[in-house]
Amino acid sequence: CQDLQRAISILQEQISHLQFVIHSQHQNLRSVIQEMEGLKNNLKEQDKRIENLKEKVNILEAQNKELKNQVALSSETPKTKVSKAVSTRNTPVIIGIIRLCFMLQLSNNDLKTDPEKTLIK
């Protein structure tokens with residue numbers, strides 16, 4: 001009878017230990033599942049980002065192709081020749097003359113609207 005009780009006691013300790021191990025493994029398994037779900041969600045977000053970037057790349061490639069075509073067309077069309085009489089060295093002088101003419105025109109317009117005004121007082 002005593003041997004039987006001792007065997008029962010040992011079996012109960014083993015059962016208790018196994019229940020603890022099962023409970024521990026269950027918790028570990030639950031945390032691994034949660035981690036996997038988090039990683040799965042991260043992958044979904046990264047896949048969305050990748051798809052968005054692919055769309056942007058396609059748009060940029062199309063724009064690049066269009067720009068290349070425009071450059072090719074503009075380089076194929078003959079350039080208008082600039083008269084040799086026009087010199088870029090005289091550009092500041094020409095701009096000054098244009099400004100002077102513009103100011104004289106404004107003064108003439110003022111004289112037409114108000115004859116009392118004169119250029120020299």
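Is Lys54 buried, exposed or partly exposed? Lys54 is partly exposed, at 46% relative accessible area. The cut-offs: buried is under 20% relative accessible area, exposed is over 50%, and partly exposed is in between, with a 1.4 Å probe and protein chains only.

Some housekeeping. This is a predicted model, where local features need pLDDT of at least 70 and side-chain atom pairs count only at pLDDT 80 or more, while totals for chains, interfaces and linings use all residues. Residues are numbered from 1 along each chain as its sequence is written, and side-chain values use heavy atoms, with hydrogens and water left out.

Now the overall picture. The protein has two helices and zero strands. These are DSSP runs, numbered from the N terminus: H or I with at least four residues for helices, E with at least two for strands. Of the 121 residues, 1% count as buried. The protein exposes about 12,100 Å². Carbon and sulfur atoms supply 60% of that area. Areas come from the Shrake-Rupley method with a 1.4 Å probe; for residues, only the protein chains shown count as cover.

On to charge pairs. Side chains of opposite charge can pair when their charged atoms come close. A salt bridge here is a side-chain nitrogen of Lys or Arg within 4 Å of a carboxyl oxygen of Asp or Glu. The count is three.

Take Asp3 and Arg6. Their closest N and O atoms are 3.8 Å apart. Both sit in helix H1, residues 2-76, with a spacing of three residues, about one turn.

Next, Glu45 and Arg49. This salt bridge spans 4.0 Å, N to O. The two residues are four apart in helix H1, so about one helical turn separates them. Glu45 is partly exposed, at 43%.

Then back to Lys54. Its salt-bridge partner is Glu51, at 3.9 Å, N to O. Both lie in helix H1, three residues apart, again about one turn. Glu51 is partly exposed, at 42% relative accessibility.
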